[in-house]
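Open the model in your viewer and keep the selection panel at hand. The stops below go from ring pairs to helix packing.

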Amino acid sequence: MSDKSSSSELKDRATLIVDMLESNGKNKVNAQIINSIFKHENWTQYDEAIILLGNTIRVSNVSNVSPLILTLIRKYKSLDKEEVEKQRRLATVGINYLFNFRKLSKKINEIVVDVMSWVNTASTIPELGIIRELNMYFLAVYEGNSSVSADIKNILKISGYQNIADDLPK
């Protein structure tokens with residue numbers, strides 16, 4: 001483990017644990033899930049941990065997982081440098097975060113901006129098209145560009161993603 005990334009990851013873990021303890025049962029991430037994510041010394045390198053994180057982001061824990069999202073952003077600064085499957089896994093974590101954060105709050109914050117910028121570094125290849133479209137949807141929503149967000153929802157519907165389009169928070 002390198003010095004700077006080690007200290008950042010330890011700080012993020014400590015922040016997450018303190019957040020969980022201070023929440024007194026509210027908005028907490030299941031301890032078993034956290035243990036599964038952190039079972040490896042450097043969890044950011046393990047696809048299972050990244051997939052688990054992406055699958056467990058909910059409105060109720062979005063603030064608690066923020067340190068983990070920021071850890072991924074620091075580790076993988078530019079998604080297009082990774083293999084396509086890794087980009088998909090990482091960007092999916094970002095999209096799930098944006099989706100649940102938007103359901104929680106209509107206000108944008110620095111983490112949301114960081115996540116949108118990060119997901120935007122994914123390659124512009126067909127395999128990642130829906131991820132990039134969803135990221136553009138959230139950007140349009142936060143910018144108040146209802147015309148673009150409506151267009152993206154219509155494109156998703158036309159493309160057969162009716163359920164995704166219907167579930168997107170406004």
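This is a tour of a predicted model, one selection at a time.

**Aromatic pairs**

The structure holds three aromatic pairs. Select Y97 and F101 to begin: the ring centres are 6.0 Å apart and the planes are at 20 degrees, under the 30 degrees that count as stacked, so this pair is stacked. Colour by accessibility, and both Y97 and F101 come out as buried.

Next, select Y137 and F138. Here the ring centres lie 5.4 Å apart with the planes at 80 degrees, over the 60 degrees needed for edge-to-face, so the pair is edge-to-face. Y137 and F138 are both buried.

Select S66, which is found in helix 4 (residues 62–75). Is S66 buried or exposed? Its relative accessible area is 8%, so S66 is buried. Leaving aside residues up to four places away in sequence, S66 touches Y97 and I111.

**Charges over rings**

Display K75 with Y76. K75 lies over the face of Y76, 5.9 Å from the ring centre. Then go to R102 and Y142, where R102 lies over the face of Y142 at 4.6 Å from the ring centre.

**Helix 7 and its neighbours**

Two packed helices are described by the angle between their axes and the distance between the axes. Select helix 7 (residues 129–143) and helix 8 (residues 146–158): the axes are 8 Å apart, and the packing angle is about 155 degrees. Helix 7 and helix 8 are therefore roughly antiparallel to each other, and their crossing is left-handed. For the contact, show I130, E133, L134, M136, Y137, A140 and V141 on helix 7, with V148, S149, I152, K153 and L156 on helix 8.

The axes of helix 6 and helix 7 come within 10 Å and cross at roughly 145 degrees. The crossing of helix 6 and helix 7 is left-handed. Which residues make this contact? Helix 6 contributes V112, M116 and V119, and helix 7 contributes I131, R132, N135, F138, L139 and Y142.

Finish on the ring pair of Y137 and F138. Y137 takes part in the contact with helix 8, while F138 takes part in the contact with helix 6.

Technical notes. Residues numbered from 1 in each chain as written. Predicted model: local features only at pLDDT ≥ 70, side-chain atom pairs only at ≥ 80, totals over all residues. Heavy atoms only, no water. Phe/Tyr/Trp six-rings, centres within 6.5 Å; stacked < 30°, edge-to-face > 60°. Buried < 20%, exposed > 50% of the residue type's maximum accessible area, 1.4 Å probe, protein only. Lys NZ or Arg CZ within 6 Å of the ring centre and 35° of its normal. Helix = DSSP H or I, 4+ residues; strand = E, 2+ residues; numbered from the N terminus. Contact = heavy atoms within 4.5 Å. Axes fitted to C-alpha atoms, helices over the stretch in contact; angles between N-to-C directions. Parallel < 35°, antiparallel > 145°, perpendicular 65-115°, else oblique. Left-handed = near helix turned anticlockwise from the far one by under 90°.
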